[in-house]
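Hi everyone, thanks for coming.

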Amino acid sequence: MTGGRPKLEAMAYLDHAATTPMLPAALDAYVAAARELGNPSSLHAAGRGARRLVEESRERIAAALGARPSEVIFTGGGTEADNLAVKGIFWARRDADQRLRRVVASAVEHHAVLDAVDWLGRHEGADTALQPVDAAGRVDPEAFAELVRAHGAEIAVVSVQWANNEVGTVQPVAELAALAAAAGIPFHTDAVQAVGQVPVDFAASGAAALTLTGHKVGGPVGVGALLLGRDVTCTPLLHGGGQERDVRSGTLDTPGVVAFATAVEAAVAGRDEHVSRVAALRDDLVERVCAAIPDAIYNGDPADRLPGNAHFSFPGCEGDALLLLLDAQGIYCSTGSACSAGVAQPSHVLLAMGADDPRARSSLRFSLGHDSTKADVDALLAALPGAVERARRAGAWKTPR
Amino acid sequence: MRVLAAMSGGVDSAVAAARARDAGHDVTGVHLALARNPQTFRTGARGCCTLEDSRDARRAADVIGIPFYVWDMAEEFHDSVVDDFVNEYAAGRTPNPCLRCNEKIKFAAVLDRAVALGFDAVVTGHHARLGADGLLRRSVDLAKDQSYVLAVLTRAQLDRAIFPLGDSTKERVRAEAAERGLAVADKPDSHDICFIADGDTRGFLESRLGSAPGDIVDGRTGERLGTHNGAYGFTVGQRKGLDLRVPAADGRPRYVLSITPVTNTVTVGPREDLEVDVVTADRPIWHGPAESVTCEVQLRAHGEVVPAAVAVSPDALVATLASPMRGVAAGQAIVAYRPDPEGDIVLGSATITAGSRVSSHA
Ligand SMILES: Cc1ncc(COP(=O)(O)O)c(C=O)c1O
């Protein structure tokens, strides 16, 4: 085992849903833009040069995702875009009409949405309601329609992710967005995991706002965007220079934005080829894991899920014990997404899907990406059965003495 | 060996992990998350279980160059240490939570899990020596020696323990931490009970056990001298906080002699009545060669030692002290040492149940 920087040749990186390597083209674009001088808000030639790079990037992202350039609000990543959508739209709507105090999100949202909703409940007097999901992690459009019928006149904003970061379940976003739109409710979707993996078209989706982030599509960390419909009012989180339609102040990160646009464009253009290659690898992984560990539970929707996602519960194991054992052999994967002080909590996603606590704690996510190969899957399968057996023995460690 | 280093975020465990790595072991660092809610534990440098401590441990692992994880031991800690602490006080005894943590958490729950995951041993930053001969000895730094809180460990537990610091003074450990570039080099020592955030043990016990008023009586006359809010708030040998309205006939201070939970009474008396010269204890852990030995015993953490004749049976230990000792509290450990120039050797330990005075007063 080694600490610090892992030896890249020796590792099998199966954690692309956490972050995926930058595409060479995005890295090159970043470095080239970082050599240029200029604040995009400045009025001289250097500023205009930077501004031009930003605006070209905005147009490329808009074109790739079925949005208008003016709908692209650059942010410091997915978390900021989620917070901006949930809080900003809530504030704007509530300020316009005091009856609009309800916020609806699915129970399987990323914490960037869930905790923003929770904060609105605790600090802004919002009524918060989490929409339950079925055993595959999907929101039922019928139940959602029912909620809109009963409470539509109080709902300020709805947020349902496009695809889940843990189990890869894809939501019926267009259906839900249409139900919300019919009741005049702005619908936000966190599409961080979806872009480049499933077709994402902002206009066609009917969503009022959509989150994406650079580092899940082969771009840099710390840059993302909220696609925000022209007619959707949104109160800023950050006040200052009035950049980005006055919705998000702060000097734009020109190289980050350029690299982000390069990555989004490449991910969307290469999606079909990526999906067929990665889904085949993933299917092979799933088949071999199920053969090697017959009692493994494949979580999520077996068919309709993100192409790179495989998520299992290994009965009798602690997920964090498995992670340690695999990490020691250079195989990198993830337990739930939630961490408090580095302590693994049972995944709220699996709990919402009806799993019990032990099953939620015994889960591991393997996520494949653009540079995954069969060798990664082979390495996993070489290590996993032994690790599961060992973790199972360690599973008895809680026995009281 | 593949070893697991328990890293509290303090200087000792960081240097211990680094030394284990230098010794050629394959070391993995683990920080134990012990608080159900980290905010309720001591913050800053004083505790061992806060978010800041977790971060300090992680940074030390980075500098040493070993993998690092956080293990959630909050439930085990709560059940085996915090609840035990409260229950022991409720039963009129005086527990040592650090000792219990070693016995039930570090060298039980953590060790078991480590072994199951393929590790051979657990490394900690305790100041005690455990050499190739397998004998547990006091640290060279007598002021920092922690052999007392390790003496509860069984042979099997000791066989899987590594204490790399026993040959060094605390001063040397700090200097080495600085040489190694560990930021925790000048982090202050922790002293208090980590799970009592404000250091107010009595308040903590009262919040758990409620108030239970009872009598304070004179040990010689049986006279009722006052009342208390809960017998659990007292420790044998305690003088302060008795708040007695009836002054002692001789005007001398009075001390807590015993606590009787069944009648909820605290018995007090003059200092000499605290003296005991026979100590009985149960749950012995014995490494000594014979069932009866002449050795030295220590009756509380950082307490003085006294020569004694110790007799051990499978479930009891009786020590006859060469000279009387005061402040011997049930629930504390009696630890037997054989004096040795290479560091006094731990012969064994047991949990004190009672002390009595057999020889007549001087
Ligand atoms: C679904 C989802 N939403 C939001 C985020 C947060 O994005 P970022 O890391 O850019 O803040 C992530 C990634 O961690 C995610 O998977």
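Predicted model: local features only at pLDDT ≥ 70, side-chain atom pairs only at ≥ 80, totals over all residues.

I'll start with a sheet in chain A, go on to the ligand, and then turn to the cysteines and to chain B.

In chain A you'll find an open sheet of seven strands, in the order E2-E8-E7-E6-E5-E3-E4, and the pairing is mixed. Its edges are E2, residues 72-75, and E4, residues 127-131, each of which pairs on one side only. On average, neighbouring strands here are turned by 20° against each other, ignoring direction.

Now look at the E2 end. E2(A) pairs with E8(A), residues 224-228, in the antiparallel sense, over four bridges. If you want a residue pair to click on, take Val72(A), which stands opposite Leu227(A) in E8(A).

Which helices lie across these strands? One is H3 of chain A, residues 78-96, which lies across E2, E3, E5, E6, E7 and E8 and runs at about 160° to E5(A). Another is H8 of chain A, residues 254-269; this helix lies across E2, E7 and E8, at about 100° to E7(A).

On to the ligand. Which residues surround the ligand? Among them are Gly77(A), Gly78(A), Thr79(A) and Asp82(A), along with His110(A), Asn165(A), Asp190(A), Thr213(A), His215(A) and Lys216(A). For Thr213(A), a side-chain N or O atom is 2.6 Å from an oxygen atom of the ligand. For His215(A), the corresponding distance to a ligand oxygen is 2.8 Å. And a polar side-chain atom of His110(A) lies 3.4 Å from an oxygen atom of the ligand.

Next, the cysteines. Is Cys101(B) buried or exposed? Cys101(B) counts as buried, because its relative accessibility is 6%. Over in chain A, Cys234(A) is buried too, with a relative accessible area of 12%.

Let's stay with chain B and look at its strands. E1(B), residues 2-6, runs parallel to E2(B), and five bridges join them. Within that pair, Val3(B) stands opposite Val27(B). Why call E2(B) largely enclosed by the rest of the structure? Because seven of the eight residues in this strand, which spans 26-33, are buried.

Another spot in chain B is Gln298(B), in strand E13, residues 292-298. This glutamine is buried, with a relative accessible area of 3%. Where do its polar atoms go? Its side chain makes a polar contact of 2.9 Å with the side chain of Arg138(B), and a polar atom of the Gln298(B) side chain lies 2.9 Å from the backbone oxygen of Arg300(B). Beyond its sequence neighbours within four places, Gln298(B) is in contact with residues including Tyr148(B), Glu304(B), Val335(B) and Tyr337(B).

Last stop: Ala116(B), in helix H4 of chain B, residues 97-116. Leaving out residues up to four places away in sequence, Ala116(B) touches Arg390(A), Arg393(A) and Ala394(A). Ala116(B) counts as buried, at 15% relative accessibility.

That's my tour, and I'm happy to go back to any part of it.

Terms used. Residues numbered from 1 in each chain as written. Chains lettered and ligands numbered in written order. Heavy atoms only, no water. Pairing = 2+ DSSP bridges. Helix = DSSP H or I, 4+ residues; strand = E, 2+ residues; numbered from the N terminus. Axes fitted to C-alpha atoms, helices over the stretch in contact; angles between N-to-C directions. Contact = heavy atoms within 4.5 Å. Buried < 20%, exposed > 50% of the residue type's maximum accessible area, 1.4 Å probe, protein only. Near = heavy atom within 4 Å. Polar contact = N/O pair within 3.5 Å; in protein donor to acceptor, adjacent residues only side chain to side chain.
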